[in-house]
Amino acid sequence: MDRERHDVLDELQRDPYPHYDRARRAEGLIRVPELDAWLVARDADVREVLRRPDEFSSANSLRPDVLPSPAALAVLGGGFGGRPVVVTTDGALHQQLRAPIVRALSPARVAAVLPFAAERAAALVDGFVKDGRVELMAAYARRLPGDVIGRIVGLDPADVPAVVHGGHRAEELLFRPLAEDEQIAAAEDVVAMQRIMDRCVRERHAEPREDLATEIVASVTEGSDGGLTMEHRHEAVSHLQNLLIAGHLTTTALIGTTVLHLLRHRRQWELLCAEPERIPAAVEEAARYDTVLQGFRRLTTCPVTLAGTELPPGEEVFVAFGGANRDPARHARPDEFDITRAPERHLAFGFGVHGCPGAQLAREQLRLTLEELTRRLPGLRLALDHPVTMRPTMIHRSPYRLHLTW
């Protein structure tokens, strides 16, 4: 991608909401050259696409904005993965790949991990509560979700930091322009993450446990003679990588954007401190107002008509959850951040067969975070000497850094 086009894409990604507003006001769909796709930004249209997975395939849902260099691709070729995963598949294969993840993130499993999550949240706040200032993304938001999803998967706690780092590097490699030497370094970090997960896969095959890694291994070896082939290892690492990245990057971003908007709306932060019973509603409003997963791509599989626009097979659409969540046809005063509004059905965690199976886990981690921060640091404020910049991405929208004082 040339630098000029990438600069325009960066501008769109840092603040996509004006583009969504223009798309919602248009008759039919509009095509956005920066996204190389038709933009679907009305709530009703987004829901229609998600109800029609046979006509709007998920095969291209993770198409990168940047193609890594041949040297970086060569490094990646020495790792594991590259197989179909739950977010990029359709139909029976999608259901097959989704089943062990749904089981692992069931309400009972989420409830079982919450005491650990609460303990980690408190310990992380203990680490900075006496300092008077903190950069929340590094000190807390990038750490809690990794620890929690690592626990569910069954990773050795000592391996979690490298896995979290590898997830962030994978996102950079595919969605940010990097110099070739930096691409190679990022690819090496991704492969290091994959090797950790492959070791976990081999260990769980040899000694099964009550964790998600064991469930994934069982799902990829089902119907075989019980052996673990190299193809099985590639499949299992693909699933674990997809799950781990989704499980920590999304929740990391949700924590960051939620705290940012609460502190930018001081009266709402103070209301939450005074009335902590409002925290569940604040979680929903934050997820709606500045949606972390702004959207996914879909690919038409046949001639379709959407919002009066005729699309031939093979057309890309960008299904903007963030646009739907600001649609005045669905949400009153959609551009206002208001934790007192009656909870409404939003699309922050998707909808239909591809709805996020980890939505409840993300909500619970954000709830725990707000309980800790409002109780222990009610004087929390944005540091005026560190203006907030949003990361230019539609995948995990969040602040780069979030400097706070009290």
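1. Trp406 is partly exposed, with a relative accessible area of 30%, where buried means under 20% relative accessible area, exposed over 50%, and partly exposed in between, using a 1.4 Å probe and protein chains only. Phe128, by contrast, is buried, with a relative accessible area of 4%.

2. Some notes on how to read these values come next. This is a predicted model, in which local features need pLDDT of at least 70 and side-chain atom pairs count only at pLDDT 80 or more, while totals for chains, interfaces and linings use all residues. Residues are numbered from 1 along each chain as its sequence is written, and side-chain values use heavy atoms, with hydrogens and water left out.

3. The structure holds four aromatic pairs, a pair being rings of Phe, Tyr and Trp (its six-membered ring) whose centres lie within 6.5 Å, with planes under 30 degrees apart counted as stacked, over 60 as edge-to-face and the rest as tilted. One of them joins Tyr17 and Tyr20 edge-to-face, at 5.6 Å centre to centre and 85° between the planes. Both residues lie in helix 2 (residues 17-25), three residues apart, about one turn of the helix; helices (H or I, at least four residues) and strands (E, at least two) are DSSP runs, numbered from the N terminus. Tyr17 and Tyr20 are both buried.

4. The rings of Phe128 and Trp406 have centres 6.1 Å apart and planes at 55°, so this pair is tilted. Phe128 sits in the loop between helix 6 (107-126) and strand 4 (133-135), and Trp406 in the segment after strand 10 (403-405), so that the pair links distant parts of the chain, 278 residues apart.

5. Arg47 lies over the face of Phe351, at 5.4 Å from the ring centre, and the charged end of Arg326 sits over the ring of Tyr289, 4.2 Å from its centre. Arg47 is also one of the buried residues of helix 3 (residues 43-51).

6. Strand 1 (residues 30-32) and strand 2 run antiparallel and are joined by three bridges, where pairing needs at least two bridges found by DSSP. Val32 has Ala37 of strand 2 as its bridge partner. Four residues lie between the strands of this hairpin, in which Asp36 takes a positive phi near 55°. Strand 2 also pairs with strand 8, in the parallel sense and over three bridges, and there the bridge partner of Leu39 is Phe318.

How values were computed:
Lys NZ or Arg CZ within 6 Å of the ring centre and 35° of its normal.
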